[in-house]
Amino acid sequence: MTSSLPNRALRRLIRELRWWYYLAMSDNTPRVDRATRLQPTLTTGAGSITLQRCTLGYFPSSGYWNGHCYLEAREATAEIVVADGVFLNNGATLVAERSSIRIDSDCLIGPWVQIYDSDFHALAPELRTSGRHPCAPVHLERNVFVGASVIILKGVTIGHNSVIGAGSVVINDIPPQTIAAGNPARVIRSL
Ligand SMILES: CC(C)(COP(=O)(O)OP(=O)(O)OC[C@H]1O[C@@H](n2cnc3c(N)ncnc32)[C@H](O)[C@@H]1OP(=O)(O)O)[C@@H](O)C(=O)NCCC(=O)NCCS
């Protein structure tokens with residue numbers, strides 16, 4: 001069934017309202033903002049966010065209407081950099097607590113991907129909420145393709161041109177020009 005004119009107008013209105021709502025909720029203005037925001041995006045934290053000529057969100061794709069992109073550079077030392085030509089699909093969550101998340105040019109990031117530079121809690125039971133836990137930079141080199149619902153954890157570098165299979169949890173570096181998948185992600189083969 002094709003949508004009628006009132007439906008189309010209503011959809012446009014809802015899209016606009018959602019877009020402005022997440023902008024209003026944002027307390028971090030990116031240092032550089034050349035992004036095309038197709039999906040509502042929330043930028044927050046005391047650190048630095050740089051969005052080169054990238055695209056945030058995708059239509060049509062899962063999570064377009066009910067999700068948003070979430071970019072948090074939590075503490076003053078935290079940094080998020082998204083380079084030219086990167087596509088971040090819907091529902092992307094990037095949280096750099098104290099170090100950095102860098103996504104180099106032309107990376108393709110699938111829907112519902114989460115990238116963290118921190119565990120956010122210490123492992124020792126008595127220190128769990130002490131804030132004494134390590135952070136380590138995450139780096140996706142150019143032209144990496146990350147499948148849907150992947151989680152990338154602190155300290156990981158993914159080498160250029162590599163592919164990460166859907167649903168993977170990446171805890172170690174992945175060499176360039178490889179396909180890796182699974183939990184934890186392991187190299188399946190070279191490209
Ligand atoms: C990783 C991927 C690219 C591999 O594709 P492929 O080269 O055709 O791989 P195959 O299907 O031949 O599988 C090769 C091996 O990897 C394993 N594998 C493939 N994808 C996997 C995944 N996502 N998680 C875990 N293991 C995976 C297979 O089980 C197989 O293992 P085996 O050799 O022990 O049987 C693909 O499976 C994938 O996950 N694509 C991502 C799609 C996506 O999320 N797109 C985003 C939408 S924008």
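## Parallel pairing of S4 and S7

Strand S4 (residues 48–51) and S7 run parallel and are joined by 4 bridges. Strands, as named here, are DSSP runs of E of at least two residues, while helices are runs of H or I of at least four residues, and both are numbered from the N terminus. Two strands count as paired if DSSP finds at least two bridges between them. Within this pairing, Ile49 has Ile80 of S7 as its bridge partner.

The structure is a predicted model, in which local features need pLDDT of at least 70 and side-chain atom pairs count only at pLDDT 80 or more, whereas totals for chains, interfaces and linings use all residues. Residues are numbered from 1 along each chain as its sequence is written.

## The sheet around S10

Strand S7 (residues 79–82) is in turn joined to S10 by 4 bridges, and the two run parallel. Ile80 stands opposite Ile101 in S10. On to strand S13 (residues 138–140), S10 makes 3 bridges, again in parallel, and Arg102 stands opposite His139 of S13.

These strands belong to an open sheet of 6 strands with parallel pairing, in the order S1-S4-S7-S10-S13-S16. Its edge strands are S1 (32–33) and S16 (157–158), each of which pairs on one side only. Strands of a sheet pair through backbone hydrogen bonds, either parallel or antiparallel.

A residue is buried if 20 or more other C-beta atoms, placed from the backbone, lie within 10 Å of its own.

## The chain as a whole

The chain has 1 helix and 20 strands. Its radius of gyration is 17 Å, close to the 16 Å that the globule rule gives for 191 residues, so the chain is as compact as a globular protein of that length. This radius is taken over C-alpha atoms, and the globule rule is 2.2 Å times the number of residues to the power 0.38. The C-alpha trace spans about 55 × 40 × 30 Å along its principal axes.

Of the 191 residues, 35% are buried.

## Surroundings of the ligand

The ligand is surrounded by 13 residues, the closest being Gly110, Gly147, Gly165, Ala166 and Ala181. The shell consists of 6 nonpolar, 7 polar and no charged residues. In this division, Ala, Val, Leu, Ile, Met, Phe, Trp, Tyr, Cys and Pro count as nonpolar, Asp, Glu, Lys and Arg as charged, and the others, Gly among them, as polar.

Key:
A residue is buried if 20 or more other C-beta atoms lie within 10 Å of its own, exposed if 12 or fewer, and partly exposed in between; C-beta atoms are placed from the backbone. A residue is near a molecule or strand if its C-beta atom, placed from the backbone, lies within 6 Å of it.
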